[in-house]
Amino acid sequence: GVSLFLSNVVFWLQQGYFAESAQLNPLLHTWSLAVEEQYYVFFPLFLIIAWRFGINRVFWMIVAMLAVSFLTSEWGWRNQPAANFYLAPTRAWELFFGSISAFIVHKRGVQKNNSLALIGLAAIIFSIFFYDETTPFPSVYALAPVLGVIFLVLYADKDTFVAKILSTKAFVGIGLISYSAYLWHQPIFAFTRVFKNQVSMDTEISLILIGVTFICAYFSWKYIEAPFRNKNLIKRSSMFIVSFGALVVLVAVGYASKQVSNGSEYKLAKMLSQNQFVY
C-alpha cells in the first residue's frame, strides 16, 4: 500500500488513526504521503484538461472543488470519521488552499503584513497545543492550521518579524531535516512500544526518542535525501529506474510475505487479547 501510494486506503479499511493498535504500526504516518501523492498525480491531469479554459476559470474551478471537499469533510466527520480522516476527497480542500495561494502569489507576490503573519503563526501554534484526538479532523477546526500556513505564505515577507524568526539557523535546520524526521518518527516510536509491550510513553522516553529521531533524520537527510536531490550525482533517468525497481521489489516482497504468513498479525492479536500491552 505504501509503495503504491495507497496506504491511506489500507489504513482506512483496517483501523482508526487514534486506535491503540494503530500506534504499534510503524508505517501509519505514510497515509498522509499517499494523499499527497494522489494529489500530485491527479491535480496536474486536471490542469492539463482545464487550462484551455483560461487561468481565471481554472482558479474558480479550484475554489469550487475546495468548497465541495470542505463541505464533504464537514459531513464526513459526523458520519464516516475514519474515511473522512484518511481519504483524499475530504482532504483535498486543504491542498487546494495551497493551490489557490500559489495563484495569488503568482499574481501579487508575497506581501508584507506583520499582523497577518503573526496571526498565521499563532493559529498554527494554537492547533498544536489545543487540538487532540477528540478534535474532529478534518473539519472546520482544520481551518486554523491551514489558514495559518496560508497567511504565512501570503504575508510573511522576508522583512516581517515572523519571517526573521523562521529564517534563523535553528528553524532552517529543522526545516531541512523535517521530511526525514517525519519518515523516522513513527517507526522509532512504534517499535519502541512493541519492544516495551507498552502503548503509553513516559515523557522522558518520548524526549529521548525525539532526540533519536532528529539524529537519524540528520544522517538520512545528509547521506540519502541531499544526494538524491543533487543532479550532478544522480541523473533523473537513473533515479526513476532505481525508484521503479525498488517499488517493484517492495510490492513483490510485501505481497509474498502477506501470502506466506500472517504471523505478525496473529502475534499482535494474541498480545492484545491477553492484555499484554500496558495502556
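**Reading contacts, rings and a helix**

Q: What joins the side chains of S220 and W184?
A: A polar contact of 3.0 Å joins them. Keep in mind that this is a predicted model.

Q: Where is S220 found, and is S220 buried or exposed?
A: S220 is found in helix α10. To judge burial, read the relative accessibility: buried means under 20%. S220 has 11%, so S220 counts as buried.

Q: Which residues is Y179 in contact with, leaving aside its neighbours within four places in sequence?
A: L33 and E225. Y179 and E225 are 46 residues apart along the chain, and their C-alpha atoms are separated by 9.1 Å. Y179 lies in helix α9, which covers residues 169–196.

Q: How does Y179 count at 42% relative accessibility?
A: As partly exposed. The range for that label lies between 20% and 50%.

Q: How is a pair of aromatic rings described?
A: By two values: the distance of the centres and the angle of the planes. A search of the whole structure here finds 21 aromatic pairs. Take W93 and F97 as one case: their ring centres are 6.1 Å apart and their planes stand at 75 degrees, so the pair is edge-to-face. The cut-off for that label is over 60 degrees.

Q: Where do W93 and F97 lie, and are they buried or exposed?
A: Both lie in helix α5, residues 92–108. They are four residues apart, about one turn of the helix.

Q: What kind of pair do Y218 and W221 make?
A: A tilted one, because the ring centres are 6.2 Å apart and the planes are at 40 degrees. Y218 and W221 both lie in helix α10, residues 203–229. They are three residues apart, about one turn of the helix.

Q: How do Y218 and W221 count for accessibility?
A: Y218 has 35% relative accessibility and counts as partly exposed. W221, at 21%, also counts as partly exposed.

Q: Which residues do ring pairs link into a cluster?
A: Y39, Y40, F43, F46 and F96.

Q: Which residue lies over the face of F85?
A: R91 does, at 4.7 Å from the ring centre.

Q: How many residues has helix α6, and what does it reach from its first C-alpha to its last?
A: Helix α6 covers residues 114–130 and has 17 residues. It reaches 24 Å, close to the 24 Å expected at 1.5 Å a residue.

Q: Which residues of α6 are buried?
A: They are A117, G120, L121, A123, I124 and S127. These cover an arc of only 150 degrees around the axis, which puts them on the same side of α6.

Q: What covers the buried residues of α6, and which residues are exposed on the other side?
A: The cover includes α7 (143–155) and α8 (161–166). On the other side of α6, S115, F129 and F130 are exposed.

Q: What does a side-chain oxygen of N113 reach at the start of α6?
A: The backbone nitrogen of S115, to within 3.2 Å.

Key: Residues numbered from 1 in each chain as written. Predicted model: local features only at pLDDT ≥ 70, side-chain atom pairs only at ≥ 80, totals over all residues. Heavy atoms only, no water. Phe/Tyr/Trp six-rings, centres within 6.5 Å; stacked < 30°, edge-to-face > 60°. Helix = DSSP H or I, 4+ residues; strand = E, 2+ residues; numbered from the N terminus. Buried < 20%, exposed > 50% of the residue type's maximum accessible area, 1.4 Å probe, protein only. Lys NZ or Arg CZ within 6 Å of the ring centre and 35° of its normal. Expected span 1.5 Å × (residues − 1). Arc of directions from axis to C-beta. Contact = heavy atoms within 4.5 Å. Polar contact = N/O pair within 3.5 Å; in protein donor to acceptor, adjacent residues only side chain to side chain.
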